[in-house]
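Q: I would like to learn how to read contacts in a protein model. Where do we start?

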Amino acid sequence: MLVAVAVVVAVTLVLALALAVALLAPALRHRLVLSALHRAAGRYRRRLSLLGSEVGLSQERRLRRLLPPGTARGSEAFRERQPLGQSCPEEGLGEQVPPLRPWALLRSCWGTDPPLQGSLLYLDVLRATFPQALAPQGMALLSWAPSGPRAPAGWPLPTLYCTPDEAGTLPSRAAALRVQLLFALRQPSLRVLEAGLAAELHDALGTLRSEWPALAQDLALGRLSPQPGLPEDVRGRLEALLAPDAVRAAEVRAECAQGFEGIVQRLWPQLEVVVLGMAHGAEKLYRDALHQVDCKGMPIYCPFYRAAGALLGMNLWPEEPVPRFLLCPDWAFCEFLPCPAKEDSRTVLLGELWEGREYSLVLTARPGQYRCQAGEVLRVTGFHRQCPVVEPVRRDSQVLSVRGENIPEERFCQSLCRAVGMWPGARLVDYVCVESALLGASSGASAPHYEVFVELRGLRDLSEAQRYKLDQCLQEDFPIYKSFRFKGSVGALRLHLLRPGAFPRLREALGSARPMPRVLREERLLHLIQSNVVS
């Protein structure tokens, strides 16, 4: 209790200081607030260390804050009276930007506010690992939030960012990412390149590949080219923040003309790290692609673990290649179902997990949403004091199954990548799957089957024998699938090639920034993908 009071007092002093220096020069204000936030982060680290030594008690306290007054106390009574819920409501990524006013932040500090605590830890980790990462105007954010600005990872210190908030709220995802990219390009001394999703950075750099001459021209003239989804009034306001820069435009032309391997490091030679708000599950494909080509040679840091829109964990090891996350015991009340699941399985709590085992996450993160099944499977890789450190493994909602065969998302992707490796010159850009039931009578087949839509680079078409390689790989990797294929109860997989740009359009059609589904369940999304088939 005394530690919690100390944290509140510390953050109160931080925000009072921020208010007092509001009229100082921006650079001095930045340094003073950064120093204060660093001290607050240090205090929260000490509090986290204390919470980690009493995980069970921390979870009980969090649960009490989430339950209505008068509810029976204790996790045992809660689990007995509250049945396991349905799947968590699907939500976009992250939080809306809180009001950047000291008194508004002050109110949020009186509770255990995960977004603020997570951002304090994030800034502290960056400062410790990448010494120049927190320079003023040294970060660029590439993230689409059409319903309103989404909180960037470093939102308590807005002077970090060189990209205007309004750029991310445009009605068109493509326009938003292009404008944000332009503001990032005009800042040659960038230290951190941040994106909410790995797919957002992937698509922004795809725009750079296809439109770099026009982007360089916009830099030289200090303008924004007219484009769909960029209203004229917004365009005028954003253009007022640009200035013509012929020197920077020439640098961009010279680097892009040399190709795109390692382009991020060449365009921003002082860049220290690429930050991706989410890069596991469906986003891993884009993270790996960025690491191999555009961001080659750059560390990629994934700071946060979120599920169902709730912040649950923090990556305290930014230089490790595989992200793993410390589950913070006072951010949500978490339960876990051991995998593989059994009908009579009882959930275990945060302090009862075993290293090396996999668990399905059951989440109580908001009042009124109790014991929701998050559809996420986590593997425990170790412990930080008593707090488990986890690695996300798969999403249960993205399992392929037409006869109960249940092919997980990550293992299907492995089979697909193995098949692509047998197609000379081909590189997988993106993919999505459909179970034939969604096609109805238009599938033209008597047996249920999978339809797989892929975008490839380096290959224009596939022979029937090449297409069959994927079905063959699935049979080799999944004996139950092979059995169904042999019996004829599951039909042959059908593979379709898509034209470039199909997947950014699909992500825009989702309507919010969230990881792309690998198994489509909506007819409107299916029709969009079918309209982009070329073979």
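Predicted model: local features only at pLDDT ≥ 70, side-chain atom pairs only at ≥ 80, totals over all residues.

Q: At what angle do α13 and α14 pack, and how far apart are their axes?
A: The angle is about 130°, and the axes of α13 and α14 are 9 Å apart.

Q: What should I look for in a salt bridge?
A: Look for a side-chain nitrogen of Lys or Arg within 4 Å of a carboxyl oxygen of Asp or Glu. By this rule the count here comes to 36 salt bridges.

Q: Which residue forms a salt bridge with Asp471?
A: The partner is Arg485, with N to O at 3.1 Å. This pair links distant parts of the chain, 14 residues apart: Asp471 is in helix α14 (residues 464-477) and Arg485 in helix α15 (residues 479-487).

Q: Are Asp471 and Arg485 buried or exposed?
A: Residues under 20% relative accessible area count as buried. Asp471 has 1%, so Asp471 is buried. Arg485 has 17%, so Arg485 is buried too.

Q: Where do Arg237 and Asp233 lie?
A: Both are in helix α9 (residues 232-239), four residues apart, which is about one turn of the helix. Arg237 forms a salt bridge with Asp233, and their closest N and O atoms are 3.8 Å apart. Arg237 counts as partly exposed because its relative accessibility is 41%. Asp233 counts as partly exposed because its value is 48%.

Q: Which residue forms a salt bridge with Asp288?
A: Asp288 forms one with Arg287, the closest N and O atoms being 3.8 Å apart. Asp288 is partly exposed, with a relative accessible area of 24%, whereas Arg287 is buried, at 10%.

Q: What are the distance and the angle for Phe412 and Tyr431?
A: Their rings are 5.9 Å apart, centre to centre, with 35° between the planes, and the pair is tilted. Phe412 lies in helix α13 (residues 409-420) and Tyr431 in strand β13 (residues 427-435), so the pair ties together parts that are 19 residues apart in sequence. Phe412 and Tyr431 are both buried.

Q: Which residue lies over the face of Tyr431?
A: Here the contact is between a charge and a ring. Arg518 lies over the face of Tyr431, at 4.5 Å from the ring centre. Arg518 also belongs to the salt-bridge network described above.

Q: Which residue lies over the face of Trp317?
A: Arg324 does, at 4.2 Å from the ring centre of Trp317.

Technical notes: Residues numbered from 1 in each chain as written. Heavy atoms only, no water. Helix = DSSP H or I, 4+ residues; strand = E, 2+ residues; numbered from the N terminus. Buried < 20%, exposed > 50% of the residue type's maximum accessible area, 1.4 Å probe, protein only. Phe/Tyr/Trp six-rings, centres within 6.5 Å; stacked < 30°, edge-to-face > 60°. Lys NZ or Arg CZ within 6 Å of the ring centre and 35° of its normal. Axes fitted to C-alpha atoms, helices over the stretch in contact; angles between N-to-C directions.
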